[in-house]
Amino acid sequence: MANTNIIKLEEESKKVDEKEAIPLLTPYKMGNFNLSHRIVLAPLTRSRSYDFIPQPHAALYYSQRTTKGGFLIGEASGVSNTAQGYPNTPGIWTREQVEAWKPIVSTVHEKGGIFFCQLWHAGRVSNYGYQPDGEAPISSTNKPLRKDIFNNKAAADKYPPPRRLRGDEIPKLVNDFRIAAKNAMEAGFDGVEIHGANGYLLDQFLKDKVNDRDDEYGGKLENRCRFPLQVVKAVADEIGADRVGVRLSPFADYNDCGDFDPQTLGIYMAQSLNKLGILYCHVIEPRMVTQFQEFDTKWSLAPIRKAFDGTFIVAGGYNRREGNRAISSAAADLVAFGRLFLANPDLPTRFQLDAQLNHPDPATFYTHHPVLGYTDYPFLQDPTE
């Protein structure tokens, strides 16, 4: 009789465990990386890297959001001295920057996290003050921004007309990304994510509302994708395709960078990335037409998900319920969380307990304070206890 009761209790316990299984908290094997859950720290510009050099306070910020087997994508890091477009964003092109990243990466690894560096070039989302010798920013075009990622109208003095890159200059930019990827590996990162989204340089080539070229890098879809794919190939050849991810936002119009046929663009890029064998594709939801607003849309990521063979990461306004649904329905392998992970450094724990969440404070998203709105969001309990 006792044995029967024990068996019944074990069966009931199993039923409860199955009932309470949380899709976002199930393990996942991403290539050679064994992840303990599906919650990803999205790449978030934090503007705390003074003089474009990562600072010691970033070690606490990233370690707070690290769990054993958790996957973190670092904030956008410039690949060259022409790449910057915002104040106090980090770089990965100088020796000083590489050395500054090393202790930050180490703190993530000490807690068992997997950490990728996002490689970035702002392109025309810049101005003379960020460019060597006060030159014009570079882009696929010479058309200036009409609106930026924050406002519907961009100030002309903030975003002057860019200089259209010549075809013979493209190989140097490809090499800048390659060297940056090499530097990231030297700094200790586990891999890199190439930023091909949000209206920055690579996106400026991809999107036909911006790219008005008539050479081999403009016009038809294959030509517009040529430069971004050359970057991906060069980086994959340098550090291994199994350590490379790409972020895309085909449906978004961030930084005045839209496309007339985003679905076809997304599918073509997914199929092309398959040929290069990269680790993952990280795509922003169509509903996120602007940075902070969601809209109803006819578009879906499903065709792009179907077209891509590797790990598929989705991002864009997800909460716990939607994230669980995306994983359970196989709409995605992983879900990247931005504002929620920023405000809740212990987000996996809160999702596990279905606990109340801290609210993010937009007023402190891009301040330069080393603590405020950065490392001062409270945990459910003191992580040192």
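This is a predicted model: local features need pLDDT of at least 70, side-chain atom pairs count only at pLDDT 80 or more; totals for chains, interfaces and linings use all residues.
We begin with helix α7, which runs over residues 262-276 and has 15 residues. From its first C-alpha to its last this helix reaches 21 Å, close to the 21 Å expected at 1.5 Å a residue. Its buried residues are P262, Q263, L265, G266, M269, A270, S272 and L273, and these pack against several other elements, among them the helices α5 (201-206) and α6 (221-239) and the strand β10 (244-248). After α7 comes G277, whose phi is positive, near 70°.

We turn next to the charged side chains, for which a search of the whole structure finds 21 salt bridges. In one of them, K158 and D148 meet at 3.4 Å, N to O. Both residues lie in the loop between β7 (138-139) and β8 (163-164), so the pair ties together parts that are ten residues apart in sequence. K158 is partly exposed, with a relative accessible area of 36%, whereas D148 is buried, at 6%.

Another salt bridge joins R178 and E238, whose closest N and O atoms are 2.8 Å apart. Because R178 lies in helix α4 (residues 170-187) and E238 in helix α6, this pair ties together parts that are 60 residues apart in sequence. R178 is partly exposed, with a relative accessible area of 23%, and E238 is also partly exposed, at 30%.

K207 and D203 form a salt bridge as well, with the closest N and O atoms 3.2 Å apart; here K207 counts as buried at 0% relative accessibility, and D203 is buried at 1%. Finally, R95, E99, K102 and E186 are linked in a network of salt bridges.

Key: Residues are numbered from 1 along each chain as its sequence is written. Side-chain values use heavy atoms; hydrogens and water are left out. Helices (H or I, at least four residues) and strands (E, at least two) are DSSP runs, numbered from the N terminus. The expected span of a helix is 1.5 Å times one less than its number of residues. Buried means under 20% relative accessible area, exposed over 50%, partly exposed in between (1.4 Å probe, protein chains only). Contact means heavy atoms within 4.5 Å. A salt bridge is a side-chain nitrogen of Lys or Arg within 4 Å of a carboxyl oxygen of Asp or Glu.
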